[in-house]
Amino acid sequence: RRISEGDDDKNLTETEKFSREFFATAAALSQTGAMDDEAVEKLNTSLLEKIQSPAVRKIYLLSDLKTTEDTSLKTFTTYNSALISIFTKYQAKTSVGEILEEFIGDGENENVAALAKLDPIIKQTNTIISGMLNTKTPQALAQEHLDIVNALEKLSENLSDIKLYDTDPILSMGGISAYEENGASLESAIIKLGDELNKKLKN
């Protein structure tokens, strides 16, 4: 759509915001005669940074968790069982990688309709987050637990952004760019919690 100066920033997509900034900057540089290769490179870098560093919209805090200071073996055993139940109950039938491959297709014509298959995964991820927030967590493992919750939140936001390819391609590309890194962060957080929990279960 056509973007006017009167448009409220909060009503603009990330792509529209960048377009407005891009054309305003380009126009100003052209008028001053400073539109050279270096200026173009700076504009390209600005776009790349926006794609590679999408904003995180929700960050959970330790105060958002339900914690207990009980350090008994029973507490850690119950906690372990709760996590196993949450993660085994919600498992996607199709992986994000498979969906993105279908979306990219031959690289010439994207299959945007394939992105609708991300909906069940987004819903599943949000359900896991909700389950973890409602799980009574031993205080000794609260930070590790929180790290997993926030990693899942980032992935959920990435997937929601990817779905907006038709209406906000910059935000969508940012989601794709960040998904792999955030997936690695989730894996690392799960391993760390598993290691700490195993120590508690062996004591």
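User: Let's start with Asn158: is Asn158 buried or exposed?
Analyst: This is a predicted model, so we're reading computed values here. Asn158 has a relative accessibility of 4%, and anything under 20% goes in the buried class. That makes Asn158 buried.

User: Where does Asn158 lie, and which residues is Asn158 in contact with?
Analyst: Asn158 lies in helix H6. Leave aside its neighbours within four places in sequence, and its contacts are Gly175, Ala178, Tyr179 and Asn182.

User: How many Å apart in space are Leu152 and Ile128, C-alpha to C-alpha?
Analyst: In sequence, Leu152 and Ile128 are 24 residues apart. In space, going C-alpha to C-alpha, the distance is 8.3 Å.

User: What does Glu153 touch?
Analyst: Glu153 has its place in helix H6. It is buried, at a relative accessible area of 10%. Not counting residues up to four places away in sequence, Glu153 touches Lys58, Tyr60 and Ile129.

User: Which ring does the charged end of Lys58 sit over?
Analyst: Lys58 is one of the residues touched by Glu153. The charged end of Lys58 is 4.8 Å from the centre of a ring, and that ring belongs to Tyr60.

User: Now Glu181: buried or exposed?
Analyst: Glu181 lies in helix H7. Its relative accessible area is 57%, and the exposed class takes values over 50%. So Glu181 is exposed.

User: Glu181 and Leu155 are how many Å apart in space? What's the C-alpha to C-alpha value?
Analyst: Along the sequence, 26 residues separate Glu181 and Leu155. From C-alpha to C-alpha, the spacing is 9.5 Å.

User: Which residues of H3 meet H7?
Analyst: The axes of helix H3 (residues 73–89) and H7 come within 9 Å and cross at roughly 145°, and the crossing is left-handed. On the H7 side, the residues are Leu193, Leu197, Lys200 and Leu201. On the H3 side, they are Leu73, Phe76, Thr77, Tyr79, Asn80 and Leu83.

User: How many nonpolar residues does the contact of H3 with H7 have?
Analyst: Sort the residues in this contact by class, and you get 2 polar and 1 charged. The nonpolar count is 7.

User: What kind of aromatic pair do Phe103 and Tyr165 form?
Analyst: A search of the whole structure turns up 1 aromatic pair. Its members are Phe103 and Tyr165, 5.0 Å centre to centre, with 75° between the planes. Planes over 60 degrees apart fall in one class, so this pair is edge-to-face.

User: Zooming out, what pattern does the chain follow along the sequence?
Analyst: The chain has 7 helices and 2 strands. Of its 203 residues, 33% count as buried. Read along the sequence, the pattern is α-α-β-α-α-α-β-α-α.

Notes: Residues are numbered from 1 along each chain as its sequence is written. This is a predicted model: local features need pLDDT of at least 70, side-chain atom pairs count only at pLDDT 80 or more; totals for chains, interfaces and linings use all residues. Side-chain values use heavy atoms; hydrogens and water are left out. Rings of Phe, Tyr and Trp (its six-membered ring) pair if their centres lie within 6.5 Å; planes under 30 degrees apart count as stacked, over 60 as edge-to-face and the rest as tilted. A charge sits over a ring if NZ of Lys or CZ of Arg is within 6 Å of the ring centre and within 35 degrees of the ring normal. Axes are lines fitted to C-alpha atoms, for helices over the stretch in contact, and angles run from 0 to 180 degrees between N-to-C directions. Helices (H or I, at least four residues) and strands (E, at least two) are DSSP runs, numbered from the N terminus. A crossing is left-handed if the near helix is turned anticlockwise from the far one by less than a right angle, and right-handed if clockwise. Contact means heavy atoms within 4.5 Å. Ala, Val, Leu, Ile, Met, Phe, Trp, Tyr, Cys and Pro count as nonpolar, Asp, Glu, Lys and Arg as charged, and the others, Gly among them, as polar. Buried means under 20% relative accessible area, exposed over 50%, partly exposed in between (1.4 Å probe, protein chains only).
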